[in-house]
Amino acid sequence: MELILESLLDALKDTWLMLPILYVVYLFLDSFQRKTDNNDSFFWNLQKYGPLFGAALGLIPQCGFSILAAMLYVSRNITLGTMIAVFLATSDEAVPILISEPRLLPSLGVLLVLKFLLAATVGWLIDHFVVPNQKIISFNDLEDEEELDEEEQEDEQIEDNLEMQNAPSCSCCYPQYPVWLSALLRTGKIYLFIFGFSVVMNILTGLIGEENLAAFLQTSEVYQPLFASLFGFIPNCAATVVLCQLFASHALTFGSLLAGLMTNAGLGLVALFQYDPDRKQLWKILLLMWIPSLICGYIVQLIELAL
């Protein structure tokens, strides 16, 4: 009982300062996500600049862009390399969490630069060497929509509503509420998860012993990028929260964090699984994400340990 109480108090002391920072970050993100004036430019730039723009778009901590990229790829409007660049650059909740820890801001800056460079490079290599000469439907070739009569408009509206109901939605977002309330709910949800995870980690540390835990982590560093890269495939923001918390508590190397966040594409993989009937293609995409993430994670970890 004493260990549980101490773990609760330590977790509260370590995390309560996150609350105001997380709320401000989510206020900004929710406001940005609800601006749809520039949605068309996303489509055009994804096709015009390919993996370069896809990598930049993926860095924005928003669940919808990976879903957008998956849907555009299924409809053959963007290349495979562009979609994977978005997936590799996506970090879900990592940016708000790392921002809320001021001491981790330098690590966040390095992480974002590396993710952009690696995602753009991998996407370019895929389009030019792995799957060259892909045929995509250019937006310039799309015909203007003809005027529909009332009956056709009603049928189209019904189809759109069905697609919206079946499409994967962001489990971390609350677009049905005002911005201030949505940001408050997201802050509370993430904070409770972080707090609970901190309590569990404190209890485990107390039971195992800090010295024994540190010795185990030091001997298991060779496997960390492998486990982190596989863990990152979990299509839920909880995966990024766990990775960031382990890194913040020095239980995970920076290379392992990079590997895990590169494979975490949010709900993009869920959308791809739901709407792309080619299951063999899905396994190919997973490999094209996992292999570069694993290699980059180990390279960065080796550099990190050598310094």
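Buried means under 20% relative accessible area, exposed over 50%, and partly exposed in between, using a 1.4 Å probe and protein chains only. The legends below describe a predicted model, in which local features need pLDDT of at least 70, side-chain atom pairs count only at pLDDT 80 or more, and totals for chains, interfaces and linings use all residues. Residues are numbered from 1 along each chain as its sequence is written, and side-chain values use heavy atoms, with hydrogens and water left out.

**View 1. Overview of the helices in the protein.** The secondary structure comes to 16 helices and zero strands. Helices (H or I, at least four residues) and strands (E, at least two) are DSSP runs, numbered from the N terminus. The protein has 307 residues, and 46% of them count as buried. Contact means heavy atoms within 4.5 Å. Among contacts with a separation of 6 or more, 84% join residues 24 or more positions apart.

**View 2. The salt bridge of Arg103 and Glu101**. A salt bridge is a side-chain nitrogen of Lys or Arg within 4 Å of a carboxyl oxygen of Asp or Glu. Searching the whole structure finds one. Here the side chains of Arg103 and Glu101 meet at 3.7 Å, N to O. Arg103 is partly exposed, at 47% relative accessible area. Glu101 is buried, at 14%. Side chains of opposite charge can pair when their charged atoms come close.

**View 3. Helix α4, residues 51–59**. Seven of its nine residues are buried, so helix α4 is largely enclosed by the rest of the structure. The buried residues are Pro51, Phe53, Gly54, Ala55, Leu57, Gly58 and Leu59.

View 4. Thr82 is buried, with a relative accessible area of 1%. Beyond its neighbours within four places in sequence, Thr82 is in contact with Leu46, Gly50, Pro51, Gly54 and Asp127. Of these, Pro51 and Gly54 are among the buried residues of α4.

**View 5. Leu68 and Met83**. Leu68 lies in helix α5, residues 64–74. It counts as buried, at 19% relative accessibility. Leu68 and Met83 are 15 residues apart in sequence, and their C-alpha atoms are 9.0 Å apart in space.

**View 6. Packing of helix α10 (residues 179–208) with helix α13 (residues 237–248)**. The angle is about 50 degrees, and the axes are 11 Å apart. That makes α10 oblique to α13. Axes are lines fitted to C-alpha atoms, for helices over the stretch in contact, and angles run from 0 to 180 degrees between N-to-C directions. Angles under 35 degrees count as roughly parallel, over 145 as roughly antiparallel, 65 to 115 as roughly perpendicular and the rest as oblique. From α10, Ile190, Phe193, Ile194, Phe197, Ser198 and Met201 meet Cys237, Ala238, Val241, Val242, Gln245 and Leu246 of α13. By class, this contact of α10 with α13 has 10 nonpolar, two polar and no charged residues. Ala, Val, Leu, Ile, Met, Phe, Trp, Tyr, Cys and Pro count as nonpolar, Asp, Glu, Lys and Arg as charged, and the others, Gly among them, as polar.

**View 7. Packing of helix α12 (residues 224–231) with helix α14 (residues 254–263)**. The angle is about 20 degrees, and the axes are 7 Å apart. α12 and α14 are therefore roughly parallel to each other. Gln224, Pro225, Ala228 and Ser229 in α12 meet Ser256, Ala259, Gly260 and Thr263 in α14. The contact of α12 with α14 has three nonpolar, five polar and no charged residues.
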